[in-house]
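Hi there,

Here is the structure I promised to pass on. Have a look at it first, and my notes follow below.

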Amino acid sequence: MRSSIGLTGMAKTILHLFIGGILLVNLSLGATVRRPRLDGRIVGGQVANIKDIPYQVSLQRSYHFCGGSLIAQGWVLTAAHCTEGSAILLSKVRIGSSRTSVGGQLVGIKRVHRHPKFDAYTIDFDFSLLELEEYSAKNVTQAFVGLPEQDADIADGTPVLVSGWGNTQSAQETSAVLRSVTVPKVSQTQCTEAYGNFGSITDRMLCAGLPEGGKDACQGDSGGPLAADGVLWGVVSWGYGCARPNYPGVYSRVSAVRDWISSVSGI
C-alpha cells in the first residue's frame, strides 16, 4: 500500500514504513498520507455466540475475509473496501453461525451498492450495501441490527461492542470462532489528534478504543459491526497497527449515511 505526505525542501523523498509488518508507505511532496487498512483483529476480547450477536455475518470466498451486519432480510451493510473488484459477486455471506467454516447458511450476493463517494485512498465513505439472493430464514439464527437516525450520535465514552473473526494475535485464541470486545467511544478531537499524520478524520468517521491499547486499535474484521444497545453506529474501517496505545480504531459512521441507506434499500 502506498501513501504520501509533503516534506519541505525536498522534491521527492521515498521512505518505507511497515505498519503491522506489512504496510508500505511512500512519502512524496504535496500529497496526503493514505490511510492504513485494518488487518482485522479482535484483540483482548472473548469468545462470542452468534445468538448474542445475531446480526453478525461473515463474507467468504473459500475463506473468511470481511465481516458485515444484517440490517434487514436480504440486506447486509459492510465496508466499501471489502467489496472492491468483481470477485465480490462470486463471494458468499454466511449467516447464523459462530464459526466461519460451518453452520448457518451460505447465501449468494445478487448486487453490490458501493457508496458513490467512497474514496479508496482516504477510505472516506467506506460503506457498501450487499443485496443478497433469496434465502429461507427458517432455522437460521439471525436478527437485524437497528440503524441510527441521520446525523445522530452517541456520547463520548459510551461502551460499544465490536465483533468478528479476525486474527487474535494469540496462538491460544482461535480466529475460527466469533469473538467480541467492548471499548469506549473516543471523542472526535482526540481521534483527530491521534491520526494527524494520516490526514483528517472526516465527519463520516468515528473512533473507539482504550488509551493504553490492548483492546481496540483495529478491532474486529473490516466491514464488521460496532454497536451499542442494538443499534449499529459504526463499520470497522481502518486504523494504525492493531491495539496500539493512543491509536483508537477508526469506524465508518453509519448515521452520516442513513439517508443513503434508506434510498438504496428502502430500510
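**Aromatic residues and a cavity**

One aromatic cluster is made up of Tyr195, Phe198, Trp238 and Tyr247. Before going further, please keep in mind that this is a predicted model, in which local features need pLDDT of at least 70 and side-chain atom pairs count only at pLDDT 80 or more, while totals for chains, interfaces and linings use all residues. Residues are numbered from 1 along each chain as its sequence is written, and side-chain values use heavy atoms, with hydrogens and water left out.

In total the structure holds four aromatic pairs. Rings of Phe, Tyr and Trp (its six-membered ring) pair if their centres lie within 6.5 Å; planes under 30 degrees apart are stacked, over 60 edge-to-face, and the rest tilted. Tyr63 and Phe65 make an edge-to-face pair, at 6.4 Å centre to centre with 70° between the planes. Tyr63 is partly exposed at 45% relative accessible area, whereas Phe65 is buried at 19%. For these words, buried is under 20% relative accessible area, exposed over 50%, and partly exposed in between (1.4 Å probe, protein chains only). Phe65 also has the charged end of Arg61 over its ring, 4.0 Å from the centre; the test is NZ of Lys or CZ of Arg within 6 Å of the ring centre and within 35 degrees of the ring normal.

Tyr247, from the cluster, turns up again in the lining of the largest cavity, along with Val186, Gln190, Gly209, Leu210, Pro211, Asn246 and Pro248. A cavity here is a set of points on a 1 Å grid over the protein atoms alone where a 1.4 Å probe fits but cannot get out, and lining residues have an atom within 4 Å of a point.

**Strands and hairpins**

Strands are DSSP runs (E, at least two residues) numbered from the N terminus, and two of them pair if DSSP finds at least two bridges between them.

How enclosed is strand S3 (residues 64–72)? Nine of its nine residues are buried, so S3 is largely enclosed by the rest of the structure. On one side of the sequence, S3 pairs with strand S2 (residues 56–60) in the antiparallel sense over five bridges, and Val57 stands opposite Gly68. Three residues lie between S2 and S3 in their hairpin. S3 also pairs with strand S4 (residues 75–78), antiparallel over three bridges, with Leu70 opposite Val76. The hairpin of S3 and S4 has two residues between the strands, and Gly74 in the turn has a positive phi of about 85°.

Strand S12 (residues 231–238) is mostly covered too, with seven of its eight residues buried. Four bridges join S12 to strand S11 (residues 225–228), running antiparallel, and four join S12 to strand S13 (residues 249–253), also antiparallel. Val235 is the bridge partner of Pro225 and of Ser252 in S13. In the S11 and S12 hairpin, Asp229 takes a positive phi near 55°.

Best wishes

Methods: 1 Å grid on protein atoms, 1.4 Å probe; cavity = no way out; pocket = protein on both sides within 12 Å on 5 of 7 lines; lining within 4 Å.
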